[in-house]
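Subject: Structure handover

Hello,

Please find the structure below, together with its sequence. My notes come after it.

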Amino acid sequence: MSDQKISISNGKLNVPENPTIPFIEGDGTGVDIWPASQLVFDKAVEKAYNGKRKINWKEVLAGEKAFNKTGNWLPDETLDIFREYLVGIKGPLTTPVGGGIRSLNVALRQILDLYVCLRPVRWYEGVPSPVKNPGAVDMVIFRENTEDIYAGIEFAAGTPEAQKVLDFIAKEFPKEFNKIRFNTKEKSEDFWKMVGATDVKTDVNVGIGIKPVSLSGSTRLIHSAIAYAIKHNQKSVTLVHKGNIMKFTEGAFRDWGYAVAEQYFGDKVYTWNKWEKTKKEKGEAAANEEQKAAIAAGKIIIKDSIADITLQQVLTRPEDFDVIATLNLNGDYLSDALAAQVGGIGIAPGANINYITGHAIFEATHGTAPKYAGQDKVNPGSVILSGVMMLEYMGWQEAADLISRGLEKAIASKRVTYDFHRQMEGATMLKCSEFAQEIVKNM
């Protein structure tokens, strides 16, 4: 098969009939999950397009397999291929122990500037869930992928680097320095004496982390979320933040979000910022009528919610959320909390996308589970559903729909892998490879 590459022009992907797509098998259970997933992808494409389309898979190396073969956890060749071919998919990767790369997943996202971590969350009928009404959960999270804590700017307590930062703050920002509780040896010593420690610690042991949040980074993330909401006929986009405390980072994210909505999307949206202005000028009743009219006209409501309240409300009022745009750490919490509501991270799909350049890597969101590697046991659902997202991104909706349908029917028939089997009554336990075949059978 010839080497056909996906390209992008004027913001639109150009996908050939037989595109080459790089993949990373993944560490641990990747040896089981990837072959099962590839079978599903290939069968869906073949069935959807009667053999007129086919994916040419190209393996690239990362993680333990890469390290064992090349001595490098993330070879430059792998990054070059992802840059060249735009769209790829990967299984779970091990985070190296010790120095060097903090996280392979983070490295891939940052090096390729995949600024959107896209996490759709929905329930498939029959999947065991700890909540009463998991079907009410149907939302998409746009999590910023390059800033906030993902910048990884930290200085370990007691190091010269941390002390240098502390000295700078003490000199240039003394008011802020005083907010650091144990910022001197004397204060640290007083604490250890107070708790009766015999070995008094006199060092300044304060770890320092820096949380960068930019206008540019926030704008592109929120713009992508609103554009997605418009394309998919969603009712609302919620900006999730902790701006009541972090006013100049997360609070700025909220403010910039409203500015993005009003500046770039005009009459297609109605913002709570606009509601507040109308309330101030004409009163709350007028603001409510204005919003009601906007909803009736089919405009998307752009609103915001404090992060801790959001974590409560996605549990108690999930129907209030459609698309969520948020910073990195908030998105991490929300993604996993929501995954638990619909059956666990084992079948949660994910994608890392740069909508400007077209680059995208779709991925399993769970860990490597090395103790199960090679046992043909684990659920391949996370990679399979990530592949559904990839096919949708490519515009191959027919193949994506076949896989979703096959998965739904397999679960509904209670022919599932061990993780679901142990929570279902009257279920039949299948191997990883058998579950993939079951999905194909039900397409």
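What follows is a description of the domains, the sheet, one of its strands and some of the helices.

This is a predicted model, in which local features need pLDDT of at least 70 and side-chain atom pairs count only at pLDDT 80 or more, while totals for chains, interfaces and linings use all residues. Residues are numbered from 1 along each chain as its sequence is written, and side-chain values use heavy atoms, with hydrogens and water left out.

Domains. The domain assignment gives domain 1 (1–115 + 348–442), domain 2 (129–152 + 212–342) and domain 3 (154–209). Such bounds come from an automatic or database domain assignment. Taken over C-alpha atoms, the centres of domain 2 and domain 3 are 37 Å apart.

The sheet. Helices (H or I, at least four residues) and strands (E, at least two) are DSSP runs, numbered from the N terminus. Two strands pair if DSSP finds at least two bridges between them. In general, strands of a sheet pair through backbone hydrogen bonds, either parallel or antiparallel. Here 11 strands form an open sheet with mixed pairing, in the order β4-β3-β5-β15-β14-β6-β7-β13-β10-β12-β11. Its edge strands, β4 (56–59) and β11 (269–271), each pair on one side only. From one strand to the next, the twist averages 25 degrees.

Strand β10. This strand (residues 236–241) runs parallel to β13 (residues 323–326), and 4 bridges join them. Across that pairing, V237 is opposite V323 and T238 is opposite I324. β10 also pairs with β12 (residues 300–306), in the parallel sense and over 6 bridges; there L239 has D304 as its bridge partner. How many residues of β10 are buried? The count is 6 of 6, where buried means under 20% relative accessible area, exposed over 50% and partly exposed in between (1.4 Å probe, protein chains only). S236, T238 and V240 cover one side, and V237, L239 and H241 are on the other.

T249 is in the loop between β10 and α9 (250–265). Why does T249 count as buried? Because its relative accessibility is 17%. T249 touches K211 and V213, leaving aside residues up to four places away in sequence; contact means heavy atoms within 4.5 Å.

Helices on the sheet. Axes are lines fitted to C-alpha atoms, for helices over the stretch in contact, and angles run from 0 to 180 degrees between N-to-C directions. Helix α1 (residues 30–49) lies across β3 (20–24), β4 and β5 (87–90), at about 160 degrees to β4. Helix α4 (residues 104–111) lies across β3, β5, β7 (138–144), β14 (349–353) and β15 (360–364), at about 165 degrees to β15.

Helices on helices. α1 packs against α15 (residues 397–412) at about 125 degrees, with their axes 8 Å apart. α1 is therefore oblique to α15: under 35 degrees counts as roughly parallel, over 145 as roughly antiparallel, 65 to 115 as roughly perpendicular and the rest as oblique. Residues of α1 in this contact include F41 and Y49, and those of α15 include L402 and I403. α14 (residues 381–394) packs against α15 at about 155 degrees, with the axes 7 Å apart, so α14 is roughly antiparallel to α15. Among the residues that meet there are L385 and V388 in α14 and A400 and L407 in α15.

Regards
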